[in-house]
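Please look over the model shown below before reading on. The notes that follow are a short briefing, grouped by topic.

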Amino acid sequence: MRDVQGRRSRRRGRHVVLAACLVAIAGAAAATAPAARAAVWQPSPGHVQTAIWPGTAPDLVPDPKPESGSSGGAFDVSRPTMTVYAPKGRNTGVAVVVFPGGGYQVLAMDLEGTEICDWLTSRGMTCVLLKYRVPSSGPTLIDGHRYYPKVQTALQDAQRTLGLVRLHAAQWHVDPHKVGVIGFSAGGHLVAAVSTHFPQRTYRPVDAADALSSRPDFAIAAYPGHLWAHEDEDHATRNAEDLSLRPDIRVRADTPPTFLLQAENDDEDTVEQSLAYYVALQKAGVPTEMHLYAKGGHAFGLRATSLPIGRWPELVEQWLHTIGMLGSQ
């Protein structure tokens, strides 16, 4: 395995840097907005956010901060929503729920959200962009230490949304047996979590949507984090040969077919994250396709067009054909 010098110090500052960037974006937006209304993320005209819970979300933290953000990101989300983007041209019947990344602290709603939906809908797929709860709604690195919330509320939001997609399948012209997920960074961890936590919900069911399956029919995780059991250990002492998963992810034989993507020079979530998940999936007999590239770094989304890794959307489309989601080519 390739060791990355200084990894822990960089990871300690990751959320600080990301949050600072998104704060700057949100601040600029707020400066031009009416004083009485704080800037929050909004979808583009013609699209509407819908609350995924009929009332207060379960296990809501007491006195949540008001949500803020901009076109680029979302902070302090306590009212999770979904935004549906209809396919352009021929409808394949496939739906994909999108989990943006952000370390379970913020959400990169453009880079790993709306831009992904633009690609998916251009290929005839319905896109459902989930604005799940943050911060600290899943495994979070804070000052070099891993924090596990008592309840992973992001997982609750993901399970709920998959049920809602199937509930509205006829209305949205979606095949309820062709509903998948795609996630990036922390969203990649959420892909693994929702792929391995079913059939039971991690919350008390509230309506008919929760009687429907929350198992994705396929799963795509790009530069996932929070999966490798040894990621937080000291560089000099950690066992890079041990590709064990963290205990909250328990792969089972009926985990959905999975596509994994990562760059070997990713110094925030190293390739051991994908490798650990790949090994567990293979041991369980789960059909898996993994692509590792020399360069690409972290959080490249669809923007690494000058590098070979930039071809990954084509590979995903080919894979969806091979597993029967998009039919034969």
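Where is the place of Pro199? Pro199 sits in the loop between α5 (186-196) and β11 (219-222), where helices (H or I, at least four residues) and strands (E, at least two) are DSSP runs numbered from the N terminus. The model is predicted, and local features need pLDDT of at least 70, side-chain atom pairs count only at pLDDT 80 or more, and totals for chains, interfaces and linings use all residues. Residues are numbered from 1 along each chain as its sequence is written, and side-chain values use heavy atoms, with hydrogens and water left out.

**Backbone features**

- Most residues other than glycine have a negative phi, and most peptide bonds are trans.
- Phe198 and Pro199 are joined by a cis peptide bond with omega of about 5°.
- A cis peptide bond also runs from Val134 to Pro135, with omega near 5°, and Pro135 belongs to the loop between β7 (126-131) and β8 (140-142).
- Tyr104, which is not a glycine, has a positive phi of about 55°; Tyr104 is in the loop between β5 (95-99) and β6 (106-108) and is buried, with a relative accessible area of 1% (buried means under 20% relative accessible area, exposed over 50% and partly exposed in between, with a 1.4 Å probe and protein chains only).
- Tyr223 likewise has a positive phi, near 35°; Tyr223 lies in the loop between β11 and β12 (258-263) and counts as buried at 0% relative accessibility.

- β5 pairs with β7 in the parallel sense over 4 bridges, and Val96 has Cys127 in β7 as its bridge partner.

- An open sheet of 3 strands, with antiparallel pairing, has the order β2-β3-β6.
- β2 (68-69) and β6 stand at its edges with a single partner strand each, so one side of each is left without a neighbour in the sheet.
- β2 and β3 (residues 73-75) run antiparallel and are joined by 2 bridges, with Ala74 in β3 as the bridge partner of Gly69.

**Surroundings of Ser195**

- Ser195, found in helix α5, is buried, with a relative accessible area of 0%.
- Not counting residues up to four places away in sequence, Ser195 touches Pro216, Ala219, Thr255, Pro256 and Tyr277.
- Ser195 and Val251 are 56 residues apart in sequence, and their C-alpha atoms are 8.1 Å apart in space.

Note on methods:
Two strands pair if DSSP finds at least two bridges between them. Contact means heavy atoms within 4.5 Å.
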